[in-house]
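Let's take a friendly walk through a protein model, looking at its core and its pockets.

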Amino acid sequence: MTFFSAGIELVQRNFVEVKSQTFVHADAPEILSRAYFLLNDAYRSKRMPNDSLTNEHKRAGLTAATIMAVRPFIPIDDENIQSEEAYLANSTLCMLLGAAWLGHENPFARLPQDYQLRHHTIFLNIRLSCLEHFLNVVNSNGRYRDILSVDISLADSASLDDIVTKFFMLDRLRPI
C-alpha cells in the first residue's frame, strides 16, 4: 500500500460521509505520486541548490499542494454535496498526509477548531498552473506517465513557498 492510498483509505474509513458522497479513481494514488514527483523536481530546480535534500517541511508542503491540485476525492454530485466532511475530504487528506512528514503528532490537532477550519479554506484555495497540463492529460484518459517534467511559474513557486512555510510554522507551534 502506498503513502497516498493509505491516506485515502484512512479518510474514507474515518469519515463515513466521504465514502458515501465521493469517489476516488482506482489510479488516484499513482497519479498523486507522479504529480508529487513532477512538482518536487520543478520546485527543486527553481528553489533549492542541486546538493540540497528536501526536508520534512518541504515534503509536507509539496504533499499538501499535490493533493489539492489533483483533488482525488471527487463528489458524486458536485452541485449537491451534503456534508462538510465530504466537501473537505481533499483538504482533510492534505492536512493528514502533510502532517505525516513531520514525524510526530498532527500539528493541526493543536489548533482550536475554528483555526482548523481556516486551514481547510487555505488549502481549498490552492491552484497550481504547472500541473494543469498533467491533470488535463489525466482527465482525458491520456498517457500521463509520459509526462516527465513540468515548468513551475514564479506564482506557483511563491504558492509552494507559502505552503511550506505554513507547515514549518505549524511544526514549531507550541501546544495551546
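## What counts as a pocket

On a 1 Å grid over the protein atoms alone, a pocket is an open set of points where a 1.4 Å probe fits, with protein on both sides within 12 Å along at least five of seven lines; lining residues have an atom within 4 Å of a point.

This is a predicted model, where local features need pLDDT of at least 70, side-chain atom pairs need 80 or more, and totals for chains, interfaces and linings use all residues. Residues are numbered from 1 along each chain as its sequence is written, and side-chain values use heavy atoms, without hydrogens or water.

## The largest pocket

Which residues lie nearest the centre of the largest pocket? They are Met68, Ala69, Arg71, Asn90 and Arg127, out of 23 lining residues. By class, the lining has 14 nonpolar, 5 polar and 4 charged residues. Here Ala, Val, Leu, Ile, Met, Phe, Trp, Tyr, Cys and Pro count as nonpolar, Asp, Glu, Lys and Arg as charged, and the others, Gly among them, as polar.

## The second largest pocket

Now look at the second largest pocket, which 17 residues line; Phe15, Thr92, Met95, Gln116 and His120 are the closest to its centre. Its lining divides into 9 nonpolar, 6 polar and 2 charged residues.

## Around Leu131

Leu131 is in contact (heavy atoms within 4.5 Å) with Ala35, Leu38, Leu39, Ala69 and Val150, leaving aside neighbours within four places in sequence. Ala69 is also one of the residues nearest the centre of the largest pocket.
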